[in-house]
Amino acid sequence: MAKLVALIGNLPEHELAIRRLCGLEPDFIATCEDYEEAAAALRRWEEAGPGHAARAAEYRVILGEIEADILKDLSTQLPRVPRQGA
């Protein structure tokens, strides 16, 4: 399974759902891997210094887009579990 450090760090409240969906959907795993790669690239560009701020900004946008895709997948592909007491 893909390392999910950056993704779960940004979406800790969705950790269980992310891990479950990774076990069910190979395409979702690929999206999570894309997120991790983009997060690593962002860190490299941020560490490269202020002369690379534009490139870092591009990766922030990419991460936001991938995160939106992940949240959409989580909301549409996992069955809803009713809350206790609801």
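Analyst: Leaving aside residues up to four places away in sequence, Y35 touches A6, L7, N10, L63, I66, E67 and I70. Contact here means heavy atoms within 4.5 Å. This is a predicted model, in which local features need pLDDT of at least 70, side-chain atom pairs count only at pLDDT 80 or more, and totals for chains, interfaces and linings use all residues. Residues are numbered from 1 along each chain as its sequence is written, and side-chain values use heavy atoms, with hydrogens and water left out.

Y35 sits in helix α3, residues 26-47. Helices are DSSP runs (H or I, at least four residues), numbered from the N terminus. Y35 counts as buried because its relative accessibility is 1%. The cut-offs are under 20% relative accessible area for buried and over 50% for exposed, with partly exposed in between (1.4 Å probe, protein chains only). One of its contacts, A6, lies 29 residues away in sequence, yet the C-alpha atoms are 7.8 Å apart.

Now take α4, residues 53-77. Its buried residues are A56, Y59, L63, I66, I70, D73 and L74. Of these, L63, I66 and I70 are also among the residues that Y35 touches. Cover for the buried residues of α4 includes α1, α2 and α3. α4 has 25 residues and reaches 36 Å from first C-alpha to last, close to the 36 Å expected at 1.5 Å a residue. That expected span is 1.5 Å times one less than the number of residues.

Next comes α2, residues 15-24, whose buried residues are I18, L21 and C22. They lie on the same side of α2 because they cover an arc of only 105° around the axis. The arc is that of the directions from the helix axis to the C-beta atoms. In an α-helix there are 3.6 residues a turn, so residues three or four places apart point the same way. The face of α2 turned away from the buried side carries the exposed residues L16, G23 and L24. Cover for the buried residues of α2 includes α1 (5-10), α3 and α4.

Last, the cysteines. C22 is buried at 5% relative accessibility, and C32 is buried at 0% relative accessible area. The closest cysteine sulfur to that of C22 is in C32, 4.0 Å away, so it is too far for a bond. A disulfide is a pair of cysteine sulfur atoms within 2.5 Å. The structure holds 0 disulfides.

Conventions
Helix = DSSP H or I, 4+ residues; strand = E, 2+ residues; numbered from the N terminus.
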